[in-house]
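Here's a quick briefing to read alongside the model.

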Amino acid sequence: MYDPLHDLSPGCNEKYPESYWANVSGIAPEHDGAVSGDIDVDVAIIGAGYTGLSCALHLAREHGIKAHVLEANQTAWGCSGRNAGFILKSSGRKSYGQMAKQWGEEVMRGIYQEMAAGVDTVNSLIGEGIDCDRQSAGYIKVAHKPNKLKELVELAKLQQKMFGYDVEVLSQAEVRQQYMDDRNAYGAIRYQDGFGLNPLKLAWGYQKLARQAGVKVHCASPVTQWLSGDNKKSGDNKQKLHTPNGIVSAQKVVIATNGYTPKGFHDLTTDRTLPVLSQIIVTEPLNEAQLAACNFLTSNVVMDTRALKYYYRKLPDNRILFGGRGAITGKSAEDPYYAQRLLSVLKSSFPALSNINYSYAWSGWICMALDDLPHIYQNDEKSVFYSMGYCGSGVSFSVQAGKRLAEKVAEKPVPDLPLYNKALPKFPFAPLRRVGQWGYFHYGKVKDQWF
């Protein structure tokens, strides 16, 4: 499997992974074909995932700029088409309490408002007719140990006080009787506004809207070489993006590749992210007897309180999607050990499913930032821009990030927040990032078991 820390390219025109989403979503929408010949553009966007498509859509609609999107493989081939499809008001891995301590309450509230705006933007675009198998609203955060329920109750009180957030506290009995009989759940808090959907169909919907607005989307067009515009004598200050069948010359370039950014792709992003594999399985369809035995009444999205989180939901065809961390390297990504581990945890939560198997298993790279926050930034010349570091919470915020990227590209003001005014911090001892990840995984395993 492609590994961004080792490979210089994600490939060219690679097929979608053998995922549940690729199997149930139907035929991909039309795009504009691979780049064929040299072209001059105002803005080139590298990556046809949520971030790139949102940036292109908002550039066209709000600023009258018709960008060209360059995708190495297929639209949403990366994490935009591989994730669990959870729409949440999430801030990455940094808590709002930590933000308030570091930057003060005003900045913390500003970041919350951006995350909430991300969900609003997703809802608005879905409302334009995107068919993405949206499920009933509700996000359940379960305590995986009895002592974790107290922490969740404190979190609920804090969010109710800070944001007026509608958060419901559920006892262990209420979780098991009203939602699902998860034997690893010791109570929960439930938000009213999270929901699940088909993430690949969502991305395809964004592409359709973008192309209707005049955006060009070129699949099978990896950037194989990037020459920065510095020829002052000739007055040619454009960025030169080489693809297999033509050179794209652009005044401005947006890097929207996030966890799939190849090794050494651009100095602006080198050593500033850690790509981490997330693993997902989807089971065989549950029959009525199995659903009843598990008391699986809900289609709400569910996540637990572990440091190394597990998450799941019931899909429209009564399969269970279950996810967690995957392998550390791309070389090990397809080792069945990781899918089997998820299946065993699922069975520990629902013993009635002891004979269930999974029908699909796949993984994808999410993008971690050193400070646990996404960053939308640019170089000093304001000719190269990026948005990265969603920390596994990018399905909704990436759309808001794309909107803010468009404002930066169009030289419009954006909110004065660390998300938008600070670069991604560099990882110290960057070549050893994976060693640190290995250490954190072992620490998390001990913490989740004993604390």
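A search of the whole structure turns up zero disulfides, a disulfide being a pair of cysteine sulfur atoms within 2.5 Å. This is a predicted model, where local features need pLDDT of at least 70 and side-chain atom pairs count only at pLDDT 80 or more, while totals for chains, interfaces and linings use all residues. Residues are numbered from 1 along each chain as its sequence is written, and side-chain values use heavy atoms, with hydrogens and water left out.

**Cysteines**
- The sulfur of C12 has its closest cysteine sulfur in C219, 10 Å away, which is too far for a bond.
- C12 is partly exposed, because its relative accessibility is 36%; buried means under 20% relative accessible area, exposed over 50%, and partly exposed in between (1.4 Å probe, protein chains only).
- C294 is at 1% relative accessibility, so it counts as buried.

**Fold**
- The protein has twelve helices and 18 strands, taken as DSSP runs (H or I, at least four residues, for helices; E, at least two, for strands) and numbered from the N terminus.
- Its C-alpha trace spans about 75 × 45 × 45 Å along the principal axes.
- Of the contacts (heavy atoms within 4.5 Å) with a separation of 6 or more, 77% come from residues 24 or more positions apart.

**Burial and surface**
- Of the 451 residues, 59% count as buried.
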